Amino acid sequence: MPISLWRLARLRREILLKAPSAFALPSPRHYSLQNSVKMAANTPNAPAPASAPAAPDAPDASVSKKIDQKRADKAAKFAAKQAKTQQQKPASQPAPKAPKTQAPELPPFVNDTPPGEKKALRSFDDPHFQAYNPKAVEAAWYQWWEKSGFFRPETSGSSEIGTFVIPLPPPNVTGALHCGHALANSLQDTLIRWYRMRGFKTVWVPGCDHAGISTQSVVEKMLWKREKKTRIDLGRENFTKLVWDWKDDYHKRINNAQRLMGGSMDWTREAFTMDETFTAATKENFCRLYEEGLIYRSDRLVNWCTHLNTALSGLEVDNKNINGRTMLDVPGYDKKVEFGVLTYFKYPIEGEDQTIEVATTRPETMLGDSGIAVNPEDPRYTHLVGKFARHPFTDRLLKIVADTYVDKEFGTGAVKLTPAHDFNDYQLGQRHGLEFINILNDNGTLNENAGPRFQGQRRFDARYTVVEELTKLGLFVKKEPHAMTIPLCNKSNDVIEPYMKAQWWVRMQGMADEALRVVEEGQIKIAPESALKSYQRWLSNINDWCISRQLWWGHRIPAYRVIFEDGDNPQNDEGPWIIAKSTGEALYKAEARFGPRKFHLEQDPDCLDTWFSSGLWPMGVMGWPNTESSDYKDFFPTSLLETGWDILFFWVSRMIMLSLKLTGKVPFNEVYCHSLIRDSDGRKMSKSLGNVIDPLDIINGIELQDLHAKLLVGNLKEDEVKKATKYQQTAFPSGIPECGADALRFTLLSYTTGGGDISFDIKVMHAYRRFCNKVWQASKYVLGKLPQDFVPLDKLDTAALSVPERWILHRMNSAVKGVNEALEAREFSRSTKLAYQFFYDELCDVFIENSKSILSDGTPAEQQSVQQTLYRTLDVALRLLHPFLPFITEELWQRLPRGKDDSKPSVMLALYPTHDAELEFVSDAEVYELGLQCAGGLRSLASDYNIRSNGRAFIKIGTADGLAKVSAQLPAIKTLCGKGIAEVNLLGPDADEASKPSGCAVYVVSADIAVLLQVSGQITDIDAEIKKITTKLQKTNIAIKKQQELLTGEGVEKVSDAVLTAERKKLADSKSAKENYEKTLEEFSKLKVGADSKA
């Protein structure tokens, strides 16, 4: 037997909480308010509101502009075709049936509120406001909020209550936002709005990151695609100007998108990591660290991208695992290159007639070998330690050394060492004093150190020619497949080359120790626990940080090389170097240091790693290095940093280290790391896969052909476009339906459990759009039931309230308490679950349903009381939901009658609901919920046996106390049973046998109460029905056994409390179902006996 309506609602929401990454949210049930309210169908898509912030012309702007025209053209063609078909039909043909009447399509919504002015509310009778229409609802509010200064700390909140400050992780100015940004913004805005409504002085500082390598890479691709030019063709100054133009364009688009998503950021404090303040801060950072001896210059190994000609951070490197021989595309090569092969060859031993065999996956690197390592305990090679091998191509001597690092079982047990082109070999080369021989040029070709035979060849061409030459000399042994990891540049997909390069580095160990200390002492809280452990693990094994990037876009390194005109200069770029914040300051320092010698200065052409400037973000947005600025004094340290766990190491930890070093303070008190969003198949979002979703496409909706068209705008290759198109056809066969910003936000919040990555499904998003429609229709109903002269009471007379009223106020109070506790604990999914459950399952499905009979048949006093209760619960619900659903709650809250002392201009400035001890009605709630369980059981039985009218029901109660409680709730039970139940009778403990019904299906509510529904009239074959229920009972017994074994099995103690609770509930539900089946079988057996005796 199905579980009750009440328990079904709870179970549905628990599923949402337990498994947000996998569930498919069921479409919310339509609630019926009989003839008073009908759930309206969703309105079709409409253009963006006229007053919405105008985005600049985007590459895909023409796509959206042509959508309406395409629809009109299609409709015209279809109409013409139909007319022609009708003309060609013979006159004798019967007239076609009239098509079914369809609701006329709404014209596009036109916002008539002047930009920045308070929205002019329209009647619910307006076609665009009869049902929830995201475009109509979300129009105009944001511009009014922003113009009114509601986002600024100066106009709201009190420092006496507290401050709450979030520096928005700045999105890269490389293009449109994606759903990861939407998730982060939704989480942060929810907290900002929650704290603001609680009276805190809140600051949410927006901004963008210049994203050095990402932006330069995108612009270079665009330049080549459009003009077939490189940055070298333009020159540094012109290319940099082009990037600034790109930045200005996309910066506006990003800000426009963040406004459309409802982010209540203080735009008067907007920052950019290359604005004047940040430029000064970045130079100050470099100079201070250099003066303290923490920045130094060294010729060391870096991750080098030969395609982009720059060093990379670890974040910009993707590791691709292959299981064996694999042919891969490499930028700049016409043919695929072989990887995943172990090449064996021999080196001759100097002065002896023997060889030593080695193996490598990168045979071209043997041209830079300067040693061979063996394990000191390997008897095969002990006699060779200390001797030399002769390089067959360069005549170089390679020292044979012993090191325990060498694995005797790998390959031949002898390892070739290329210290200048392998990170492990680099360490071994330092330990054993080997020569560091760089064989590459910046562009990936071989230099003179590779020998005249190979100089000028590209590195992967040399991979093959080296093997050919070894074969000619009889030194090649064999090849065999070998699993390996290939580092790839995530901007160009080039294979990363470990490369010796003179760069600027930061000493990290001391700063890392301090960053660990403040977390261990609790000065900074990092959540979830998995993020904290990752943070501790990384900082405990930290390496020095290379901050040089061979880029033109970014902060140019404030280092000046002194070039003496007498020619007495060190080779390469070994100095001397002057560190200064400006050319003038550098010249002054150089003259003071070198006196009368003639020289000139050359600034380092490289730029700083993006993270070096963005690592200053929390303090830079508050005015640092000007520590006397009011923002720095009032709002630093900030309160919270919310970001993705994937940049915990590269950004978060560096912000903490730099802040402690430069200010002596932590940059924020709390770090919350959200999960990464993956597609519905669990794959990482990637433009080349076509699964990167623009949040604006979810808000506005988009047709499939327009999704395809957007793929042609970017830099995707032809094969990537085909792959992406195929995915879009599978994932979005009908395009993406219009969902609105509120549904987008609520869905992303409901996903956020603090657990694993999120598998994003657009179907779930659209289901929450229907929840918004539920909020709209329920609010519309309540407002329609309030008289014109309605004035809300400041305080309800709880003693005069009915049990249903006390119950809904009790449930409201419980939801308020739970949501506040969940947000305080950063349990976002739980907070949405509780808010959803209260509004949907309790206010709409129960109390609004129950209020109908009172409003139609109750006394004037009862009606007035219910109206006040409906108003109070709706007002609290809208304020409770506002941080999650800002637009719809503002639109509806503005329509509420206001008390005489309520002068708040916006719901965002209204007080957030708090727990009220006077609204705790525990005993009344228990009594009412007993009635709900009875009603839910009868609805469930009626559904099972398809009883839609004239149902005859009974409630069997075994105790006098239970009878009294159920009797008091009988009117509510009858109302909530639905139209299928015509009568409900009570059978008390003293009921005689004659009054007990026969032929009933049974639903057990408790040990003393069961509900019965007469179904004998629905059963045509009693034997078949008994067999069906017996089968269900057998399956239930099997399910109970499995659940019991699961809950008592090995390892159960390691399972989380949330999972254990869910599994225990499954067991309880199965046991309840078993009892229902058994009781029903008893009744049906009696029915069978009666039928047999009559026969």
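Analyst: Asp924 is buried, with a relative accessible area of 18%, where buried means under 20% relative accessible area, exposed over 50% and partly exposed in between (1.4 Å probe, protein chains only). The model is predicted: local features need pLDDT of at least 70, side-chain atom pairs count only at pLDDT 80 or more, and totals for chains, interfaces and linings use all residues. Residues are numbered from 1 along each chain as its sequence is written, and side-chain values use heavy atoms, with hydrogens and water left out.

The partner of Asp924 is Arg806, and their side chains form a salt bridge at 2.6 Å, N to O. A salt bridge here is a side-chain nitrogen of Lys or Arg within 4 Å of a carboxyl oxygen of Asp or Glu. Because Arg806 sits in helix α25 and Asp924 in helix α29, the pair ties together parts that are 118 residues apart in sequence. Helices (H or I, at least four residues) and strands (E, at least two) are DSSP runs, numbered from the N terminus. Arg806 also counts as buried, at 14% relative accessibility.

Another salt bridge joins the side chains of Lys795 and Glu918, at 2.5 Å from N to O. Lys795 is in the loop between α24 (762-784) and α25 (803-824), while Glu918 is in the loop between α28 (886-893) and α29 (922-944), 123 residues apart. Lys795 is exposed, with a relative accessible area of 55%, and Glu918 is partly exposed at 48%.

By the same rule, the count comes to 65 salt bridges.
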